[in-house]
Amino acid sequence: MKIDDNFYMKLAIDEAWKYQLLTYPNPAVGCVIVKDGRLLAIEAHKEAGMPHAEINALKSAYLIENPNSILKTKNNSQEIHNFLIENHDGYFNDCEIFVTLEPCNHIGKTPSCANLLKVLKPKRVIIGHEDINKIASGGIQTLESANIEVSLRCMEKEAYNLLYPFIKWSNGTFIFYKMAQTLNGCIDGTISSKMSQLYVHTLRDKVDLMLIGGNTVRIDKPTLDARYIGGRAPDIMIYSKNKIFDNAIPLFKVANREVFISDDLFKLLDYKFVMVEGVYKLMNILKEKIDYIVLIVSPKIRNGINALNEIDINFEIVHENYLGEEKIIYLKRK
């Protein structure tokens, strides 16, 4: 295996995918730090309002050589920034920093990563994709103004696929379809593990709206909340021409959210981040609107309901990962 820029950027991209969709409204970003050929840190941005990927990586890298530093106790972005500015002592001067997205150049909920790197003066910063956010962009120029070498577009296609949900919800609506199945395509019954269920509830906590089919609501009588993680229940759109439902179904009884019944898919455009839970019939109806499919595959073979033959949609696999023993596959519509 060749150890080059692509190797380290791939590590950063893979780390960021672990938090894909969970950083909304921020992008998923990964960062790797290498010092004299030694891998010091592989980190990612994990949640909006929390430290960015570069800050998590700089903290981890610093603690490699200073394991007893008080920095270990600091989790606030501003505190980490201040500590590193006051105590870096040139530690990062011979480091290469690989980041999937151009370091932010503005001060928002967290301070500017580009301005911190300008002070720390690493040897080189390798960037997967420029920032498409005009407010946050400009980090490249800030780094170059400090005579820091910048290398652009390392694994740009892969970095773009990672960034794609952020691009979509920044400019309109991002819609992803979550579905679980067994190895042989069975889609009914209890399929997902507890770990996958926790992941799905974490997604529900982040999205603005969940869409579900009317027949599924009538048959399964779901709650569709984020109770497994104590999270926020999203608004619900039930896709149905028939507006009559049993009000005793649990999803109607969850507080602090809107539930509405409609067959007008243009209503999805009133939201930025939409999750669809369903199977093939609803997928076929939405096939022109789906951006991603998040497919959870259980390592089981069982008898049950399988795919509809008339569906014909092409997707590209953009990432694969594991949730315990189950595989999670991210597919982007071609």
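Biologist: Quick recap before I start: two strands pair if DSSP finds at least two bridges between them. In what sense do β3 and β4 pair, parallel or antiparallel?

Modeller: Parallel: strand β3, residues 95–101, and strand β4, residues 124–129, pair that way over five bridges. Keep in mind that this is a predicted model.

Biologist: Which residue of β4 stands opposite Glu96?

Modeller: That would be Arg124.

Biologist: And what's the strand order in the sheet they belong to?

Modeller: It goes β2-β1-β3-β4-β5, an open sheet of five strands with mixed pairing. The edges are β2 (38–44) and β5 (149–151), and each of those pairs on one side only. From one strand to the next, the twist averages 15 degrees.

Biologist: Which strands of this sheet does α6 touch?

Modeller: Helix α6 packs on the sheet by touching β3 and β4, and its direction makes about 65 degrees with that of β4.

Biologist: OK, on to the eight-stranded sheet. What's its order?

Modeller: Read across, the strands go β9-β8-β7-β10-β6-β11-β13-β12. This sheet is open too, with mixed pairing. Its edge strands are β9 (259–262) and β12 (315–323), each pairing on one side only. Neighbouring strands are turned by 25 degrees against each other on average, direction ignored.

Biologist: Which helices pack on that one?

Modeller: One of them is α6 again, residues 156–171, which touches β6 (174–182), β10 (273–277), β11, β12 and β13. The direction of α6 makes about 115 degrees with that of β6. Then there's α7, residues 194–206, which lies across β6, β7 (209–213), β10, β11, β12 and β13. Helix α7 runs at about 140 degrees to β10.

Biologist: How many bridges join β11 to β13?

Modeller: Six, in the antiparallel sense, between residues 292–298 of β11 and 326–333 of β13. As an example, Tyr292 stands opposite Lys332 in β13.

Biologist: And how do β12 and β13 run, parallel or antiparallel?

Modeller: They run antiparallel, joined by eight bridges. Here Glu320 stands opposite Ile329 in β13. These two strands form a hairpin with two residues between them, and Gly324 in that hairpin takes a positive phi near 65 degrees.

Biologist: Which residue other than glycine has a positive phi?

Modeller: Asp89 does, with phi near 50 degrees. Look for Asp89 in the loop between α3 (77–87) and β3. For background, most residues other than glycine have a negative phi, and most peptide bonds are trans.

Biologist: Speaking of peptide bonds, which one is cis?

Modeller: The bond from Tyr24 to Pro25 is cis, with omega near 5 degrees. Pro25 is in the loop between α1 and β1 (30–35).

Biologist: Changing topic: how big is the largest pocket?

Modeller: Its volume is about 1400 Å³. Of the 40 residues lining that pocket, the closest to its centre are Ile212, Thr216, Asp220, Gly278 and Val279.

Biologist: Which element gives the largest share of that lining?

Modeller: Helix α8 does, with six residues. The elements giving two or more residues are β6, α7, β7, α8 (214–220) and α9 (280–286). By class, the lining splits into 17 nonpolar, 14 polar and nine charged residues.

Biologist: What about the second largest pocket, what's its volume?

Modeller: About 440 Å³. It's lined by 23 residues, and nearest its centre lie Asn26, Pro27, His52, His106 and Ala136. That lining divides into 11 nonpolar, eight polar and four charged residues.

Biologist: Last one, how many salt bridges are there in the whole structure?

Modeller: A search finds 16. One example is Lys10 with Asp14, whose closest N and O atoms are 2.8 Å apart.

Biologist: How far apart are Lys10 and Asp14 along helix α1?

Modeller: They're four residues apart in α1 (residues 5–17), so about one helical turn separates them. In general, side chains of opposite charge can pair when their charged atoms come close.

Definitions and conventions: Residues are numbered from 1 along each chain as its sequence is written. This is a predicted model: local features need pLDDT of at least 70, side-chain atom pairs count only at pLDDT 80 or more; totals for chains, interfaces and linings use all residues. Side-chain values use heavy atoms; hydrogens and water are left out. Axes are lines fitted to C-alpha atoms, for helices over the stretch in contact, and angles run from 0 to 180 degrees between N-to-C directions. Contact means heavy atoms within 4.5 Å. On a 1 Å grid over the protein atoms alone, a cavity is a set of points where a 1.4 Å probe fits but cannot get out, and a pocket is an open set with protein on both sides within 12 Å along at least five of seven lines; lining residues have an atom within 4 Å of a point. Grid points are joined across faces, edges and corners, and a volume is the space filled by probe spheres set on the points. Ala, Val, Leu, Ile, Met, Phe, Trp, Tyr, Cys and Pro count as nonpolar, Asp, Glu, Lys and Arg as charged, and the others, Gly among them, as polar. A salt bridge is a side-chain nitrogen of Lys or Arg within 4 Å of a carboxyl oxygen of Asp or Glu.
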